[in-house]
Amino acid sequence: MTCLHKYWLKEFAKFFFIIQLVILVLFVFIDYLSRMERFLNSDITLVGALGYVLLKVPFMFVQLTPASILLATITVFGLMNRNNELLAIRSSGISIYFFVKPAILVSVMLALLMLFLGETLIPISMARVNYLKYQVIKKKHNILSARKDIWIKSENKMIHINFYDPVHQAVEGLTITSLKKDFSLESRIDAQKGVFKHGKWVFENIIEQIHAKNSMEYDVKLSDKKTIPLAVKPEDLGEVLKKSEEMSFSELKKYVSKVEAEGYDATTYKVDLNAKLAFPFICIIMALTGMATGMRSFVKDNIPVAIAIGVVIAFMYWIMYGFCLSLGYGSILPPVISAWAANLFFLCLGSLYLINTE
C-alpha cells in the first residue's frame with residue numbers, strides 16, 4: 001500500500017467516524033427526548049429508557065454506514081480538490097482513478113462489518129428493543145408471538161393465529177376459543193383464512209361449534225364467508241410478530257423454508273432475506289459515487305454543495321430501495337430482483353458518473 005493510499009484511508013477514517021458519531025449522538029438524543037412522554041407513562045425507568053434507545057445504536061450504525069461512506073468520501077476528495085492535491089497528483093502523471101483501490105477496500109471492509117453485525121449483535125439487540133417496546137412501554141401483555149404463531153387473550157376469548165401476512169393484512173389458521181365464567185368451553189370458531197377489509201375481519205371456510213344449553217352437545221355451523229368482530233387490528237399483529245431484523249441470515253433462511261413447507265406465502269421474508277445481502281453492497285456504490293462527486297471541478301470552491309448532492313443521492317437511493325422492496329412485498333417483482341434492483345441502478349449510475357469525471 002502506497003503512502004498516498006495510507007494518507008487517503010487515514011483522512012477517510014477520520015471523517016467517517018466523525019459523521020457517524022454526530023449522527024448517532026443526534027439520533028440518541030432525539031429518539032430519547034421525543035419518546036419521553038411515553039416513557040413516563042410506562043413501567044420503564046428513565047435509565048432503562050436510555051438503555052432502550054442505546055440498544056438501537058448497532059442497527060442504526062448499519063443503516064447509516066452507506067450514507068456516511070458517501071459523505072466522508074465526498075469530504076475527503078473535496079478537501080483534496082480545494083488544496084490542489086488532486087491537481088498535483090494529476091501533474092505527476094498519476095491517474096485520478098488511483099484512489100479507487102483504497103475506496104473499494106474500505107467499502108468492502110465496512111460491508112463485511114455490516115454483515116457481521118447483522119448476523120451477531122443486531123438480532124439480539126433488536127429482539128430486546130421490540131420486547132421492551134411492546135411488552136413494557138406499550139404494555140401489549142395480551143398478545144404474544146412465537147415466531148409465526150400469535151396468541152391473543154381478549155376478555156373471555158383465546159385467539160390463536162397460525163400465520164400472519166403483514167403486507168396483505170391477512171391471517172391463516174384462525175382459532176377463537178370462548179370460555180364461560182367457570183372456564184368451561186362455550187364455543188370454538190375455526191377459519192381457514194381471513195383478511196382485514198374496510199376496518200373489519202372477513203374470514204373464509206368457517207366452522208363454528210357452539211355449546212348447547214343444558215347439554216353436552218355442540219351445534220356445528222359451516223360458513224363460506226363471514227365477518228367476525230375481533231378486538232385486534234393488523235398493526236397490533238404486526239407489532240408482536242418477530243421481525244426480520246431480529247433474525248440472522250441463516251435463521252431467516254430456515255424460517256422461510258419452514259413457512260413454505262407448511263404451505264404459507266413467505267414472499268415478505270424472501271424479500272427481507274435477499275435484502276440482508278443486497279443492502280451492504282451499497283457501500284461500494286456509495287464510495288464510487290462519492291469519489292466521482294468529490295473530484296468534480298466545482299467542488300473546489302463549493303464543498304457544501306457537494307455534500308448537499310451527496311445527501312440527495314443517499315435520499316434518492318433510500319426512496320428507490322424502499323420502493324423496490326415494496327414491489328417485492330407485493331409480488332410484483334421477484335424477491336431477488338426487488339432487493340438488488342436499486343443497487344444495480346446506482347452501480348451503473350455511479351460508474352458512469354466516475355468515468356465521466358472531469
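Trainee: What should I keep in mind before I start?

Mentor: The model is predicted, so local features need pLDDT of at least 70 and side-chain atom pairs count only at pLDDT 80 or more, while totals for chains, interfaces and linings use all residues. Residues are numbered from 1 along each chain as its sequence is written, and side-chain values use heavy atoms, with hydrogens and water left out.

Trainee: Which residues of helix H3 are buried?

Mentor: In soluble globular proteins, nonpolar side chains tend to be buried together. Buried means under 20% relative accessible area, exposed over 50%, and partly exposed in between (1.4 Å probe, protein chains only). Helices are DSSP runs of H or I with at least four residues, strands are E runs of at least two, and both are numbered from the N terminus. In helix H3 (residues 46-54), Ala49, Tyr52 and Val53 are buried. They sit on the same side of H3, because they cover an arc of only 95° around the axis; the arc is that of the directions from the helix axis to the C-beta atoms.

Trainee: What do the buried residues of H3 pack against?

Mentor: Their partners are H1, helix H2 (36-40), helix H4 (57-82) and helix H7 (121-137), where contact means heavy atoms within 4.5 Å.

Trainee: Which residues touch the most other members of the largest nonpolar core?

Mentor: A nonpolar core is a set of buried Ala, Val, Leu, Ile, Met, Phe, Trp, Tyr and Cys residues joined through side-chain atoms within 4.5 Å. Among the 69 residues of the largest one, Trp8 and Phe12 touch the most other members. A second, separate core has 29 residues, including Trp201 and Leu230.

Trainee: And how many salt bridges does a search of the whole structure find?

Mentor: Side chains of opposite charge can pair when their charged atoms come close. We call it a salt bridge when a side-chain nitrogen of Lys or Arg is within 4 Å of a carboxyl oxygen of Asp or Glu. The search finds seven. In one of them, Glu208 meets Lys226 at 2.8 Å, N to O. This pair links distant parts of the chain, with Glu208 in strand E6 and Lys226 in strand E7 (residues 218-227), 18 residues apart.

Trainee: Is Glu208 buried or exposed?

Mentor: Glu208 counts as buried because its relative accessibility is 10%. Lys226 is partly exposed, with a relative accessible area of 32%. Elsewhere, Asp31, Arg35 and Lys56 are linked in a network of salt bridges.
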